[in-house]
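Keep the viewer open as you read.

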Amino acid sequence: MKSYKIIRRSTWWSTNRLLKSVEKALHNSSKDGWNIESIAFGTDLLMLPNAFITLSKIEGQQ
C-alpha cells in the first residue's frame, strides 16, 4: 500500500528563501525513502509565496 504526505513551506521574505527551504525538505525526505509526486508553488491571501510538496512511500520501505 502507498502512503502519502503533503509538506507545506512558506516564507515572508523572498522566493529564493522559499526555494532553498523546498530543496532542503526534498533532500531530507528523499533520504528517508519518500518519493516526490508533485510540487506546486503559489501565493496565499496575504500574497506570501508558498509551496506544497506531495510525497509518497510504499509501505514496508524505510
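Leu19, Ile36, Ile39 and Phe41 make a nonpolar surface patch of about 350 Å². Patch members need over 30% relative accessible area and no salt bridge, with nonpolar side chains (Val, Leu, Ile, Met, Phe, Trp, Tyr) joined within 5 Å; the areas come from Shrake-Rupley with a 1.4 Å probe, and for residues only the protein chains shown count as cover. This is a predicted model, where local features need pLDDT of at least 70 and side-chain atom pairs pLDDT 80 or more, while totals for chains, interfaces and linings use all residues. Numbering starts from 1 along each chain as its sequence is written, and side-chain values use heavy atoms, leaving out hydrogens and water.

Strand 2 gives the patch its largest share, three residues. Strands here are DSSP runs of E, at least two residues, numbered from the N terminus. Ile36 lies in strand 2 and is partly exposed at 47% relative accessible area, that is, between the buried limit (under 20%) and the exposed one (over 50%).

Now for the charges. Glu37 sits in strand 2 and Lys2 in strand 1 (residues 2-10), so the pair ties together parts 35 residues apart in sequence.

Finally, strand 2 (residues 35-43) runs antiparallel to strand 3 (residues 49-58), joined by eight bridges; pairing takes at least two DSSP bridges. Thr43 stands opposite Pro49. Five residues lie between the strands of this hairpin, where Met47 takes a positive phi near 65°.

Key. Helix = DSSP H or I, 4+ residues; strand = E, 2+ residues; numbered from the N terminus. Patch = residues over 30% accessible without salt bridge, like charges linked within 9 Å, V, L, I, M, F, W, Y side chains within 5 Å. Salt bridge = Lys/Arg side-chain N within 4 Å of Asp/Glu carboxyl O. Buried < 20%, exposed > 50% of the residue type's maximum accessible area, 1.4 Å probe, protein only.
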